[in-house]
Amino acid sequence: MKKYAFLWYLKILGAAAAVNCFIELLGRKSAVFMWKYMVENPAVFFINTAIILMLFLPVLFTKRKWFACILALAVWIFAGVVNGVLLTFRTTPFTAADFRLVKYALGMLTTYMSWPEIILSAAGIIGAAILCAVLWKKAPVEKEKIPFWLGAIIAGVNVGGMFFLVNWGISHNLLSVQFGNIGQAFKEYGFPYCFSNSLVNTGISKPGFYDEKLMQEIEKELRPAYTYDVWEEQPPNIIMVQLESFFDLYLWINNPVKEDPIPFFRYLKNHYPSGYLKVPSVGAGTANTEFECITGMNLDFFGPGEYPYKTILRKTTCESLPFDLMELGYSTHAIHNNEATFYDRNRVFSQLGFETFTPIEYMSNIEKNPIGWCKDKILTGEIVKALDSTEGQDFIYTISVQGHGAYPDFPYYCSQIKEMDDFVRDLIRTLNSREEPTVVVLYGDHLPGFSWDASEMLGGSLYQTQYVVWNNLGLPEEKRNVESYQLGAYVLNMLGIHEGVMTRFHQAFLDGRTEMTIQGSLVKTKQLQRKRKIEEEKYLEDMEALEYDMLYGDREIYGGESPFKATKLQFGIEPVTVDEIVISDHRVLVYGEGFNAYSKIFIDGKMTDTMYVWPELIISEKLTEKKANGISKADIQVWQTGKDKVPLGQAD
């Protein structure tokens, strides 16, 4: 029996090692790179094999050993294939966070895959399910059985050994719990470890140095909370525009483009405050760059690949630029020319202090690009609507979508950023003509999903985009590189606005960093470099403690209770209204104002197929005689509803 058990253990160990090689081959897309990883990091490769082995251990406890072995193989190979496919489309590896995005991925299948590819993939999944059923019946059933006590000993030793190896790898810096660069982490630590880490590691773990005393010390070091230091009489409107996959191709060393596709953005960079912006993702992850820019929080302290929009912000408010600026009398708006439910923005934006949110469901005269994304030029009018909707100053956070993939080819991408540059020109001209004090922060959320290498970039990183701060205030043309979580604080510092804990925390560091940069340019000594490193380490440690305290801890920095209450989010700026309902010829005709293609007629709480005629009229599908005779006007409502059929707001 011991020999029989040992032989089966060798089989599953060999299978785990083979699967490990196959997964890394798919992820690295090169047998040479896979071999290099194995040779240069044998301990890491062995640890990943031990992790893969965990799914094979049930083989020891069943007579259907071949079926159990094949099932474990299928699970890991499926994960490896998904990782390889995602790396092709977006250059970001497969993590547990992707399970929360499945419904969005299904909605975009036709954008990234052709119908033959979709049908083939569906057939493959169905075929795999059928194969599993057949294998359950047809796979050999072992006559001999490993005694339970022996299988338990082998499994227990392997589970314990796996945890020991992982902890040993972490303590010897072969592995890491937190990933600053998730793409690089998967290359260094292997897919099985990184994916498993993303399954169990979410949120921010309590730092060992976190306590009430530390929060008190951080609070003392914050910059004093005074506001409108420069613009006391009429503080400016502040507009942030996050440009989807917007990238200056001249930063790519192998750039084949002869004609500059973004001449206006380049003009702005040369004449206004600008610099590199370090972002948390590449090829995808719009919501995470957005999260850092709005909240000032560093995603490095969260779980690998985590989207806070899909985890903590579903139930917890968070200090943010909107909340901070509301304290100063600003009205706060969000605008996005895509579905409101994407990344759960329809739920999250109230947790971030936005008072209004205008998604595509509340926009009219939409024009789409060849692969189906709304063109950004519609955003100019929506920004103007938000500005005109209030008497005082406005903070407007705008998220574009036109530059989204998948790109048929590189020239197509160039044509899209050219149109986005045209949108930027139109927006600035429009705002400049209004003669209101205004600041516009423009930046790309991440690089597009092409197969690039960091060595091909002039900045030496795939995690850098660029930002520019257009303004009609005469701000100094400072050139400075910042992190995306520092951007808001940096811009507010230019305006003399110091409101909010995270804002003042970053401003204190950035001011100190400026002094050290100037000093370092004159006296480059090891002592000075060491001092800068120590200060930066303290800055990151304090930031981690602050983020934990604000979202998961005791809210000590706020005196024990968060001061932020979720807003009652209003969808759209201009109201959608119903003036008259007519039931005629088995149809429902609704007359009103503000209707668009997303206006849907609901009868008894159920959505009907609705035809949009013009902004004053929508008509329901033809009803059965029984249903038409049984309804009253009180049973009829109009809701703005997107493709996922989630009702957002009811017409008045």
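Predicted model: local features only at pLDDT ≥ 70, side-chain atom pairs only at ≥ 80, totals over all residues.
**Exercise 1.** Determine how helix α3 and helix α10 are oriented to each other, and which residues bring them into contact.

*Solution.* Begin with the axes: those of α3 (residues 42-53) and α10 (residues 191-200) come within 8 Å and cross at roughly 55 degrees. An angle between 35 and 65 degrees falls in the oblique class, and α3 and α10 are therefore oblique to each other. Next, list the residues in contact: Asn48, Ile51 and Ile52 of α3 meet Phe191, Pro192, Tyr193 and Ser196 of α10. Sorted by class, this contact of α3 with α10 comprises five nonpolar residues, two polar ones and no charged ones.

**Exercise 2.** Carry out the analysis for helix α12 and helix α17, giving the crossing of their axes and the residues that meet.

*Solution.* The axes of α12 (residues 263-271) and α17 (residues 410-434) come within 7 Å and cross at roughly 55 degrees, and α12 and α17 are therefore oblique to each other. On the α12 side the contact involves Pro263, Phe264, Phe265 and Leu268, which meet Asp421, Val424, Arg425 and Ile428 of α17. By class, the contact of α12 with α17 holds six nonpolar, no polar and two charged residues.

**Exercise 3.** Describe the second largest pocket by its volume and its lining.

*Solution.* The second largest pocket holds about 1,000 Å³ of space. Its lining consists of 31 residues, and Gly27, Gly183, Gln184, Lys187 and Asp453 are those nearest its centre. The elements that supply two or more lining residues are α1 (2-28), α2 (31-40), α4 (65-90) and α9 (182-189), with α9 giving the most, five residues. Finally, the lining divides into 13 nonpolar, 10 polar and eight charged residues.

Technical notes: Residues numbered from 1 in each chain as written. Heavy atoms only, no water. Axes fitted to C-alpha atoms, helices over the stretch in contact; angles between N-to-C directions. Helix = DSSP H or I, 4+ residues; strand = E, 2+ residues; numbered from the N terminus. Parallel < 35°, antiparallel > 145°, perpendicular 65-115°, else oblique. Contact = heavy atoms within 4.5 Å. Nonpolar A, V, L, I, M, F, W, Y, C, P; charged D, E, K, R; others polar. 1 Å grid on protein atoms, 1.4 Å probe; cavity = no way out; pocket = protein on both sides within 12 Å on 5 of 7 lines; lining within 4 Å. Points joined across faces, edges and corners; volume = space filled by probe spheres on them.
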